[in-house]
Amino acid sequence: MSRRRLAAGLLGLALPLASQASSSLASEMGCYNCHGQPVRAEAPSFERLSARFAQRSGQAGAEQHAVDELLHGEGFRHIPAHEHLSPETARKLVHWLLEGGK
């Protein structure tokens, strides 16, 4: 097998693993406690969040805006899971949601 084919095959394997890692990260960070099924109180589901982020997809700064909103947004104050997110973790979660959150 050529190196090019091997690299393409390995990349193809890595993409699903990246999605799984983000789902695992969401679980590890406690996101499923409110945004999973069933959703808690007024928390939007992952599907709603992904749809909302998808509307901004392709806009300059959309991902950074979503990260800032997740970290510092008015609606997220006093929610321990949001208060304990690092900027890097928030970026990974937002990226996962922009890709569909599955």
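## Overall make-up

Helices are DSSP runs of H or I with at least four residues, strands are DSSP runs of E with at least two, and both are numbered from the N terminus. By that definition the protein has six helices and zero strands. Read along the sequence, the order is α-α-α-α-α-α. The structure is a predicted model, in which local features need pLDDT of at least 70, side-chain atom pairs count only at pLDDT 80 or more, and totals for chains, interfaces and linings use all residues. Residues are numbered from 1 along each chain as its sequence is written, and side-chain values use heavy atoms, with hydrogens and water left out.

The protein has 102 residues, and 29% of them count as buried. Buried stands for under 20% relative accessible area, exposed for over 50%, and partly exposed for what lies in between (1.4 Å probe, protein chains only). The accessible surface is about 7,300 Å², and carbon and sulfur atoms hold 57% of it. Such areas come from the Shrake-Rupley method with a 1.4 Å probe, and for residues only the protein chains shown count as cover. Among contacts (heavy atoms within 4.5 Å) with a separation of 6 or more, 49% join residues 24 or more positions apart.

Helix 1 covers residues 3-28 and includes alanine 26. Alanine 26 has 0% relative accessibility and counts as buried. Leaving aside residues up to four places away in sequence, alanine 26 touches Cys31, Tyr32, Phe46, Leu93 and Trp96. Alanine 26 and alanine 90 are 64 residues apart in sequence, while their C-alpha atoms are 9.8 Å apart in space.

Serine 22 is also placed in helix 1. With a relative accessible area of 13%, serine 22 is buried. Its contacts, again without residues up to four places away in sequence, are Lys92, Leu93 and Trp96.

Serine 45 is buried at a relative accessible area of 12%. Residues up to four places away in sequence aside, serine 45 touches His35, Gln37 and Val39. A polar atom of the serine 45 side chain lies 3.1 Å from the backbone nitrogen of arginine 48. That distance falls within the cut-off for a polar contact, a pair of N or O atoms within 3.5 Å; within protein, one must be able to donate a hydrogen and the other to accept it, and residues adjacent in sequence count only if both atoms are side-chain atoms.

Two backbone features also belong to this part of the chain. Most residues other than glycine have a negative phi, and most peptide bonds are trans. Proline 38, in the loop between helix 2 and helix 3, is joined to glutamine 37 by a cis peptide bond with omega of about -5°. Alanine 41, in the loop between helix 2 and helix 3, has a positive phi near 50°. At 73% relative accessibility, alanine 41 counts as exposed.

## How the helices pack

For the pairs below, axes are lines fitted to C-alpha atoms, for helices over the stretch in contact, and angles run from 0 to 180 degrees between N-to-C directions. Angles under 35 degrees count as roughly parallel, over 145 as roughly antiparallel, 65 to 115 as roughly perpendicular and the rest as oblique. A crossing is left-handed if the near helix is turned anticlockwise from the far one by less than a right angle, and right-handed if clockwise.

Helix 4 (residues 62-72) packs against helix 6 (residues 87-98) at about 120°, with the axes 9 Å apart. The two helices are therefore oblique to each other, and their crossing is right-handed. On the helix 4 side the contact involves Glu63, Gln64, Ala66, Val67, Leu70 and Leu71, and on the helix 6 side Pro87, Ala90, Arg91, Val94, His95 and Leu98. Helix 3 and helix 4 pack at about 140°, with their axes 9 Å apart. This angle makes helix 3 oblique to helix 4, and the crossing is right-handed. Here Arg52, Phe53 and Arg56 of helix 3 meet Ala62, His65, Ala66 and Glu69 of helix 4.

The axes of helix 3 and helix 6 come within 8 Å and cross at roughly 85°. Helix 3 is thus roughly perpendicular to helix 6. Phe46, Leu49, Ser50 and Phe53 of helix 3 make this contact with Trp96, Leu97 and Leu98 of helix 6.
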